[in-house]
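Dear colleague,

I am passing on the structure we spoke about, with notes on what turned up in it. Please read them alongside the coordinates.

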Amino acid sequence: MIKKTMIVLLASAALFTACKKTETTATTTAQKVLGKWTYVSDVFTYHSQGTTTTTTTLANASDYADFRANGKVIIQFQNSFDTSDYKIINDNQISIDGDTAQIKTLTATSFITYYKSASIRDSSESTETFKR
């Protein structure tokens with residue numbers, strides 16, 4: 001009887017230690033944004049009085065945006081440095097220095113934002129692309 005009990009206990013122990021529990025960690029938008037992103041490009045479109053002008057600026061190899069846990073983003077773009085406040089509004093929006101942009105794409109390797117501003121006479125749009 002003791003022998004059978006020992007076999008059952010050993011088999012149970014082997015079963016529990018042999019099975020790995022796979023944990024899935026939910027990653028929030030705020031967690032995904034954190035860290036250093038390499039700038040790829042900025043596409044700026046300006047609409048005024050029936051005329052549209054689009055300018056694509058490709059980033060330098062050293063350009064980046066570094067989103068910190070303290071709500072600051074350090075940006076280097078086209079030899080210009082800036083530190084701004086940012087806030088994740090929801091899974092689809094980010095605010096940088098009070099300007100709200102849509103989060104078009106946010107994966108482990110790609111981050112694309114879109115911002116649109118309009119007034120009575122003109123409007124502008126900006127799409128910024130980052131990678132890791």
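The side chains of Asp 66 and Arg 68 meet in a salt bridge, with N to O at 3.0 Å, where a salt bridge is a side-chain nitrogen of Lys or Arg within 4 Å of a carboxyl oxygen of Asp or Glu. Asp 66 is buried at a relative accessible area of 13%, whereas Arg 68 is partly exposed at 38% (buried is under 20%, exposed over 50%, partly exposed in between, with a 1.4 Å probe and protein chains only).

This is a predicted model, in which local features need pLDDT of at least 70 and side-chain atom pairs count only at pLDDT 80 or more, while totals for chains, interfaces and linings use all residues. Residues are numbered from 1 along each chain as its sequence is written, and side-chain values use heavy atoms, leaving out hydrogens and water.

By the rule above, the count is two salt bridges; Asp 85 also forms one with Lys 72, the closest N and O atoms being 2.5 Å apart. That pair links distant parts of the chain, with Asp 85 in strand β5 and Lys 72 in strand β4, 13 residues apart (strands are DSSP runs of E, at least two residues, numbered from the N terminus). Asp 85 is partly exposed at 41% relative accessibility, and Lys 72 is partly exposed at 32%.

Turning to Ser 124, this residue lies in strand β9, residues 122-131, and counts as buried at 14% relative accessibility. Beyond its neighbours within four places in sequence, Ser 124 has contacts (heavy atoms within 4.5 Å) that include Phe 44, Tyr 46 and Tyr 115.

Best regards

Key. Helix = DSSP H or I, 4+ residues; strand = E, 2+ residues; numbered from the N terminus.
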